[in-house]
Amino acid sequence: MPEHSEHGVVVGVDGSESALRAVRWAAEQARRRHTELRLVHAIDDEALDHPRPIPMRENLTEVTRERGHRLLRKARDAAKEVAPDVPVSSVLLHERPVMALKTASENADLLVLGTEGLRPLGRVLVGSVSIALAARAACPVALVRPHVADEMPPEAGPVVVGVDGTRASEAALALAFEEASWRRTGLIALHCWDDAFLSAVFEETRWSLDRSDIEEREREVLAERLAGWQEKYPDVRVEREVVRGRPADELLRHADRARLLVVGSRGRGGVAGMLLGSTSQAVMSYALCPVIVAREAVDRDR
């Protein structure tokens, strides 16, 4: 079993039903981790700072503060309904939401955000705050959405993790084993390979492409990545899957029956740590179960 955490679970509060759903889910995570839950509501003062009479500006600031405290009290009540024994603290900050939550993530084990349900064409409403924090937060970021209509996310099924051999997927593996152990459930370690490029090259050169050899090598890659983790978490039953196809497609195929999906964060270009890869963005946008975007380890006292 994983060790108890000394850092808290942080959740953003904005007054929406999706945020309250995220608060309840976050409270359950804090209960499992034997840690505190921190509620954060941010007021962007710059949004209030357009020309208007000074008395109105002052009144509006006070109104937004009162509303913020009211939303935090409501969120606290929602958390206590789910996990009455979890210590809950709350903070109202005069800062842009992205920066406020990014700062809060520096002393947290998990940052939890809510998102709305599906659009008619099936795409989840993933806002700019969620995308920015998944790319820039100092800790893993969980995105919680309704599984069906307004229902809470499922509490049955395995944890699914994408494994591609990068440092980001190593962070995802560590988190996925930990989450599966906390939940006392199985883990599906999914490794995908796509030979579309090689197929085109081999077709042009008239060489033969032995896919069985490729698949065997990919199975070895997955075995290497899992080495040591199963010994560290003997209570977690692991199912290995090596499939040919696009990682995003295969992860989404598993998401319908998973209770949690874990992916790495890094893209293949741009400034390190500032971009999300296409796979991470796809599962954040389409997966029905909660998604955690794992972050590489950062230097901080732990």
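Visitor: How many bridges join strand β2 to β3?
Guide: This is a predicted model, where local features need pLDDT of at least 70, side-chain atom pairs count only at pLDDT 80 or more, and totals for chains, interfaces and linings use all residues. Residues are numbered from 1 along each chain as its sequence is written, and side-chain values use heavy atoms, without hydrogens and water. Strands (E, at least two residues) and helices (H or I, at least four) are DSSP runs, numbered from the N terminus. β2 covers residues 37–42 and runs parallel to β3; the bridges joining them number 6.

Visitor: Which residue in β3 is the bridge partner of histidine 41?
Guide: Strands pair if DSSP finds at least two bridges between them. For histidine 41, the partner in β3 is leucine 92.

Visitor: Which strands stand at the edges of the sheet?
Guide: The open sheet has 10 strands with mixed pairing, in the order β3-β2-β1-β4-β5-β10-β9-β6-β7-β8. An edge strand here has a single partner, so one of its sides is left without a neighbour in the sheet. The edges are β3 (88–93) and β8 (238–244).

Visitor: How are α1 and α6 placed to each other: roughly parallel or roughly perpendicular?
Guide: Axes are lines fitted to C-alpha atoms, for helices over the stretch in contact, and angles run from 0 to 180 degrees between N-to-C directions. Helix α1 (residues 17–33) packs on helix α6 (residues 167–183) at about 85°, with the axes 10 Å apart. Under 35 degrees counts as roughly parallel, over 145 as roughly antiparallel, 65 to 115 as roughly perpendicular, and the rest as oblique. The two helices, α1 and α6, are therefore roughly perpendicular.

Visitor: Which residues in α6 do Trp25, Gln29, Arg32 and Arg33 meet?
Guide: Contact means heavy atoms within 4.5 Å. Those four residues lie in α1, and in α6 they meet Glu179, Trp182 and Arg183.
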